[in-house]
Amino acid sequence: MPNVIAMIAILSRKPAFALVFLFLVACTGALRAQTVSQLQPTVQYAVNPLGIDETNPVFGWTIPESQRSFRQRSYQVLVADDPALLTPATANVWNSGLVTGAVSSGITYAGKPLESRRRYYWKVLLQGVKSPDTLSSDVANFEMGLMQQSDWRGDWISYPFGWVGRVLYYRCVFPAGKPLKRARAYVSGIGYYTLKLNSKKVGNCVLDPATSDYAKSVYYNTFDIAPYLTANNVMMLTVAPGWYGQPKMRLQVELEFTDGSQQSFTSSDMRIVTLGPIQRAGILDGEYYDAREEHPEWWLPTDTIIHGLPSKHWGVAHSVEPPGGRMRAQQLEPIEVVETIRPVAVSQPKPGVYVVDAGQNLAGWAALKLAGKRGDKVELRFAETLYPDGTINQENLRTAAATDTYIFKGEGTESWEPSFTYHGFRYIQVEGLSKPPAGDELLVRRVRSSVPVSGTFNSSNPLLNRIYKMVQHTEASNLHSIPTDCPQRDERMGWMNDLTVRIEQALYNFNMARFYPKFLQDVVDTQHEDGDITDTAPYRVGGRPADPVSASFLLLAAESYRFYGNGHLVEKHYTALKAWVDMLEKKTVDGVLEYSYYGDWSPPAAFSVNGQAYGALSKNTPGNLMSTGYLYYSAALLSKMAGVIRNPSDSIRYAQLAQRTAAVFNNKFYNAATGGYGSNNQSCNSFALFLGIVPADKLQRVVANLKEDVVKHDFHLTTGNLCTKYLLESLTENGEVEAAYRIATQETYPSWGYMLSKGATTLWERWEYETGGSMNSHNHPMMGSVGSWFYKYLVGIVPEAEHAGFERFTIRPYLPEHLQFVEGSYHSVKGMIRSSWKKEKGKVQFTVTVPPNSVAKVYIPAHDPKSVRVNGKSLKAAGITASGTTAQAVMADLQPGEYHFSSKW
Ligand code: RAM
């Protein structure tokens, strides 16, 4: 990151984000436009979303590669409540006017107040730089959910007496005999619910609603239920405890018919409740399903199946104390089964005990398709590792039972999978079968928040490729409506310290444009009035105030802006972010932030504090060095965000706090005798370098010390979760990419290659292989920052905060000596970016794709600037002007397109 002086310089320029507003011109004149159906318009980063509750949603679009020559000079967004009104003269909800600039994401709505339940139609008209080029999107739409708390008419309801903690099945029968215009169900059931209509599950989502601090925010889903309805309908809503002790539900169904009549009912009208086949369900312990308790007659659209209320079988649910939180529309991708895989092997370590190997550590569950006698029981126990005898080892799950049970009803082939739990596992121990499961009898479901994959990476080194996959699989296993630390044991928490170094990796690998705003709200929900936040969000464990290393709070907003141009998110939470930084500042003593719980957490055992009953504190990396460094980092991030929202006084104020803190940090932690920071270890020096606050006259020595320490450890890291990121990055940025590469490709302990050599398919929580009952998850993203190093430095694609949303970005690959080729891509909000290079015969071939409506500052690798050719021509002949050179590259700004460079190497 730039040092604070450079940052103030940046701030004194007007951010690009602000510029577009300065050129806002009211325009009602019609643009004649070519309609481009692939213009991909989004609202809240979703295509035609249903049930959003953002009062100022953000709009965006992506210009397809087929329109590469189109450079946007201005845009005009039109919103109307009738698609026929989508002209500049008639748009009756919002006409943005003609806004100059190439910005195409994070455009904040500024029209009439949006109303609950309403569907709005919109399109964007684009004018090109080369007049009279114009483009127009197809008509898109978005529909609002229940925006006001008063829109909810029904009560929260829950169990009848005596059914505490059970899985509850609510049932109701209703007619819908006339032609429908619109049918919506607004549903929340905490911990988790499933909604079925006429025996079909509504939606592909599982484990809804998104988890949260229910006392602050409760998420609800909006469903279009029209496709599920017939003249007479049976609705069943099943609610399980999930993360919540007492399952509670709230629902509102609204039907509108074409004849203008309406019909609705709420949870208050849906009190008939019973118990069913899911006898127990716990997020950590698993699910117990007795198929003998299934009742096909429930689906008969009549109430005659219920004999008296209350009865042995049917009870009356009661209105209960609401969970307390604001009802919020769930706007992030739902959790879904994203893939089904066939096990790679089945063994029989003991008679009657089968162990299924999924071939990969993952999060999800098993789906059964088996026949059995009525009352026969199959038990599935999930684990990450095996004992030497081949049976599963669940010790590291601690108190989580991670066991699913299925009781057969005895009616031919029965299909089942759980509804209200998920597991982190590679192995499943199956008991209760007389022969090993084969074919489709047991399949493995991969389950996660269905955020799209956004990046690819491949290289000439198979080890790097395996590490890349390991990181991506680990991240994927830990996206369940919050970024969990692990998916298997009795924890699964959104740890803020881990996220600080995880966030950038996740942003390259997955599209987090919708996921992170929700998690940011979770963090804000933990905030105390004095500004402190907690170590985990939603707040379930950890300390308050959070460890100062939790810069992830700021990064959630700052990175959503850098990657997706979402300035509105920054604006929305700016006060909360500021309150946290102010609180940190208040806790300083002479500028030093003394409190620290975790610091550079979980380094290799030899570098941890010995004798800790639990945990893995760094022995040689002072906590107050980490905390004070993070105060600098947080203040610097906040200063930049103040710039984004055009608050120059805060921008300067926090830049000054950053500058003061940098000075304190240098005074207190730089040691002139050693020429390094703190204990002069890898963590302390790399962190100072990463922060960009090492004074110029000391820089060389600090880098030399860092390199020396790496050499001393034979190119092994000694860092914990945080500084592992800074180690790779600061070496690379300070001329030592070879050292970074050797650390990244190390195969002996401690390293990623070592994990792989021990059979890891996902990252461990510790650098050591441990399987006992302590802190040793085998699917833990916090050590995975090497994943962002691949994208940032080997592929070289880097978004720029000063030109958010890929308005401009950098492509700067580093070419380590022993790597022959790298190819990678990133699907940005502007479209697909590609970068690949290959060394051959004294040359390097370098190919890049710059997406439409963007500009890339590209570092073309070249040992001799004059040797650079593009598509066979010299740069000059191709009309490309070099903007500078480095020892290894020629720099040039490239317009959208695909370029093939070659040069001497
Ligand atoms: C453990 C987990 C988590 C970590 C916290 C501080 O519970 O490993 O990921 O960061 O400690």
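1. Basis. The model is predicted: local features need pLDDT of at least 70, side-chain atom pairs count only at pLDDT 80 or more, and totals for chains, interfaces and linings use all residues. Residues are numbered from 1 along each chain as its sequence is written, and side-chain values use heavy atoms, with hydrogens and water left out.

2. Domains. The assignment gives domain 1 (8-144), domain 2 (152-329), domain 3 (335-449), domain 4 (455-793) and domain 5 (796-904); such bounds come from an automatic or database domain assignment. Between domain 1 and domain 2, the C-alpha centres are 38 Å apart. Their contact (heavy atoms within 4.5 Å) takes seven residues from domain 1 and 13 residues from domain 2.

3. Record. UniProt, in an unreviewed entry, lists residues 179-339 as "domain: Bacterial alpha-L-rhamnosidase N-terminal". In the model that span is 0% helix and 48% strand, with its end C-alpha atoms 37 Å apart. The feature "domain: Alpha-L-rhamnosidase concanavalin-like", also from an unreviewed entry, is placed by UniProt at residues 349-439. Here the chain is 0% helix and 55% strand, and 20 Å separates the end C-alpha atoms. UniProt positions are in the numbering used here, feature names are shortened, and annotations may be inferred rather than shown by experiment.

4. Second largest pocket. Of its 29 lining residues, Lys196, Lys201, Tyr289, Glu417 and Ser419 are the closest to the centre. By class the lining has 14 nonpolar, eight polar and seven charged residues. Domain 2 and domain 3 each contribute at least three residues to the lining. On a 1 Å grid over the protein atoms alone, a pocket is an open set of points with protein on both sides within 12 Å along at least five of seven lines, a cavity is a set where a 1.4 Å probe fits but cannot get out, and lining residues have an atom within 4 Å of a point.

5. Sheet with β15 and β18. An open sheet of six strands runs in the order β16-β15-β18-β13-β21-β24, with antiparallel pairing. Its edge strands, β16 (200-201) and β24 (314-316), each pair on one side only. β15 and β16 are joined by two bridges, and Leu197 has Lys200 of β16 as its bridge partner. Strands here are DSSP runs (E, at least two residues), and helices are runs of H or I of at least four, numbered from the N terminus; two strands pair if DSSP finds at least two bridges between them.

6. The whole structure has three cavities of 30 Å³ or more.

7. Second largest cavity. About 40 Å³ of space lies here. Domain 3 (335-449) and domain 4 (455-793) both give residues to the lining, so the second largest cavity lies between them. β36 gives the most to that lining, with three residues.

Conventions
Ala, Val, Leu, Ile, Met, Phe, Trp, Tyr, Cys and Pro count as nonpolar, Asp, Glu, Lys and Arg as charged, and the others, Gly among them, as polar. Grid points are joined across faces, edges and corners, and a volume is the space filled by probe spheres set on the points.
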